[in-house]
Amino acid sequence: MKHVKAVIITSLFALITQSAYAQSCDCTKNYNWVKKTFEENDAGFEYALKQKDSQAYEAHNKATSEKVKSAKTFSECGPLLYEWLSFFRSGHIAIRPIKKESSQPSANEKTEKQFPDWESLPTNTQDFKTYLDKKKASDYEGIWVTEPYTIGIKKQGDQYVGFIIESGAENWTKGQVKLKINMADGKMSSVYYMRDRSKVESKEITLTGKNHLQIGDFSLSRVYPRIQNDPKHTQYFKSVSAGQPYIEKLNETTLYLRIPSFQASQKQKIDSVIAANKDKIIATENLIIDIRNGTGGSDANYSSILPLIYTNPIRTVGVEYLSTKLNNQRMMDFINKPEYGFSEENKKWAKNAFDTLEKEHGKFVNLNENIVSITKYDKVYPHPKNVGIIINQANGSTDEQFLLAAKQSRKVKLFGTTTYGVLDVSNMYYVPSPCKEFELGYSLSRSMRIPDFTIDGKGLQPDFYLDRSIPVHEWTEYVNAVLNGK
C-alpha cells in the first residue's frame, strides 16, 4: 500500500516536454481515457459515488471537460487529470509521467539551453564565510546542506536568497538561486526550486535550534558557521532528516526507534536494525517508535516489529479485489516481471489468484478463505512494557495498516495527530496511457471494514493528542516523559 502525495505528483509534470501535443494525444483524449479506465477498473469508484452522489460527479465531469480543452501540453494537462481523480479520494491515485529516453546534453549545455536566464547570485565562498564570521547574531544566513546540494543563504533586502555553492545535480550549477525566503509586510513565505526547476511554495518556515531549517517539506542542516545546539533540537532534526531506520538509547529506561519509511527498499534495513538490537529492545522498559512523515509501502516491512510489542492475537480484516481483465493482469505481472521479485511459491499464489479472479469478472473477490485473518506469536515479552508510537498527518496507507495491528497490543499507545486517512481502497496498479506519455495509478481492492470502520478521509486518532502548544521538536521528549510516568 503506497501513499502518494499530490505535491510529488504535481512536481513531476515538468519532466514532460513542453511542446504541443500530437493530435492523437491531446488532453481531452487523455481525460476520456483516464475517466473510462478509472470508472471500469478502480475498486473505490462505486463506493465514492455513493458517498458523493451522481449529481456532484456529473458537475465535476462537466467542469473538467471544459478545463482540458485549453491544455496544450502535458505539463498543463497532468494536474487537471490528477484534479479529476482527487474527487474520489486523497490518496492511492496517481498521474505519473513516463520518462522518454533521449540523448542527454552535458550539464552546462542542458542548463544553458533550458534555463538561459535563470537567476544567479555569484558569491565567492571564502568571502561569504568571512562575512558570516563577523555576524554577531544567528539567523537564516549561513551555509546549509540538503542532499545533493550545498546552499548559501544570504540576506538581500527583505529576502533571504539561497544560492548553489556545490551541486550533485547535473542541471544545477554554482551561483544559481535555489530558494527564497520572503519576509515582506511581516509575513513569511518561501519558494524552493526542485531539481526539475518546478517551484514549491510554502508558508511554513521553521528554524529549529540554531542549525536546523525546515522550509515546507525540505530540511536543511547548517554546516557553517556551526553553532552550539540544544541536544533535543539535534535529536529531532536527525530523526526528520533520516533516510533509513535507526535505533538509539534515550536513557536507561527508553529506546528510540526511527522508521522513516515502510517502502519495499527499506525492508532489509528495518529487519537488520531490529535483529541487531533485539536483545536491547526486550531488555528495556520503554520503546518509542517514530514513524512521522511516512511514505507508505509494503505491509511485510513491519513484520519484524510486531512480535516484539505483541500481547494478544492480532485481527486483520482483509480486502476484496475487483475482477476485471485489466486488473487481473497484475497477477500475471507478479509472475512474469522480475522487478517484483516473486519467489516460485509466491508466483504459484499469483497464478491461483489470477485463475480465481478470471472466473468472476465484474465482481469483488476475497482471495482468502475468511474475512478476518488472525496472527498469533508464540511469546509475549515482558519488555518493553510500554510502547509509544509517534504519528502525524503524513502517515497513511501501510503506516495506518501497521497502526491498526500495533494498537491491538495492550502495551501500545499512539501519540501525535490524526493520520492521513488513506487505507480503505488500496493495492495500487499503474497502467500506461495509449500515447505512452504517463501512467494512471488506481486501486484494485477495497477493505472489508467498509462501511463499519472506515479510515479514508478520517484517519486514525492518537491516544495522546500532541497539540500545537507542544513544539514538534519536543514530541519525543514528551512521549518519553509519559512512558516513564513523569
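Modeller: The part to start with is the largest cavity, whose lining is made up of Tyr321, Leu322, Asn327, Asn328, Arg330, Met331, Leu357 and Leu444. A cavity here is a set of points, on a 1 Å grid over the protein atoms alone, where a 1.4 Å probe fits but cannot get out, and a lining residue has an atom within 4 Å of such a point. This is a predicted model, in which local features need pLDDT of at least 70 and side-chain atom pairs count only at pLDDT 80 or more, while totals for chains, interfaces and linings use all residues. Residues are numbered from 1 along each chain as its sequence is written, and side-chain values use heavy atoms, with hydrogens and water left out.

Strand E15 (319-322) and helix H11 (325-336) are the elements that give two or more residues to that lining, and H11 gives the most, with 4 residues. Helices (H or I, at least four residues) and strands (E, at least two) are DSSP runs, numbered from the N terminus. By type, the lining divides into 5 nonpolar residues, 2 polar and 1 charged, where Ala, Val, Leu, Ile, Met, Phe, Trp, Tyr, Cys and Pro count as nonpolar, Asp, Glu, Lys and Arg as charged, and the others, Gly among them, as polar. The volume of this cavity is about 40 Å³, a volume being the space filled by probe spheres set on the grid points, which are joined across faces, edges and corners. The structure holds 1 cavity of 30 Å³ or more.

In soluble globular proteins, nonpolar side chains tend to be buried together.

H5 itself is mostly covered, since 9 of its 12 residues are buried, including Phe74, Cys77, Leu81, Trp84 and Leu85. From its first C-alpha to its last, H5 reaches 16 Å, close to the 16 Å expected at 1.5 Å a residue; the expected span of a helix is 1.5 Å times one less than its number of residues.

The loop between H5 and strand E1 (94-97) contains His92, which has a positive phi of about 60° although it is not a glycine, and which counts as buried because its relative accessibility is 0%. Asn293 also has a positive phi of about 60° without being a glycine, but Asn293 is partly exposed, with a relative accessible area of 38%, and is found in the loop between strand E13 (286-290) and helix H10 (306-309).

Two other loops hold cis peptide bonds. One joins His383 and Pro384, with omega about 0°, and Pro384 lies between strand E17 (372-375) and strand E18 (386-391). The other joins Ile450 and Pro451, with omega about 5°, and Pro451 is in the loop between strand E21 (438-447) and strand E22 (464-465).

E18 and E22 bring us to an open sheet of 6 strands, with the order E11-E12-E13-E18-E19-E22 and mixed pairing. Two strands pair if DSSP finds at least two bridges between them. Strand E11 (246-251) and E22 each have a single partner strand, so one side of each edge strand is left without a neighbour in the sheet. E18 and strand E19 (residues 412-416) pair in the parallel sense over 5 bridges, and Gly388 has Lys413 as its bridge partner in E19.

Antiparallel pairing is seen at strand E2 (residues 142-146), which 5 bridges join to strand E3 (residues 149-156) and which is connected to E3 by a hairpin through 2 residues. E2 also pairs with strand E10 (residues 218-224), in the antiparallel sense over 3 bridges. Val145 has Thr150 as its bridge partner in E3 and stands opposite Ser221 in E10. E2 is mostly covered, with 4 of its 5 residues buried.

Definitions and conventions. Buried < 20%, exposed > 50% of the residue type's maximum accessible area, 1.4 Å probe, protein only. 1 Å grid on protein atoms, 1.4 Å probe; cavity = no way out; pocket = protein on both sides within 12 Å on 5 of 7 lines; lining within 4 Å.
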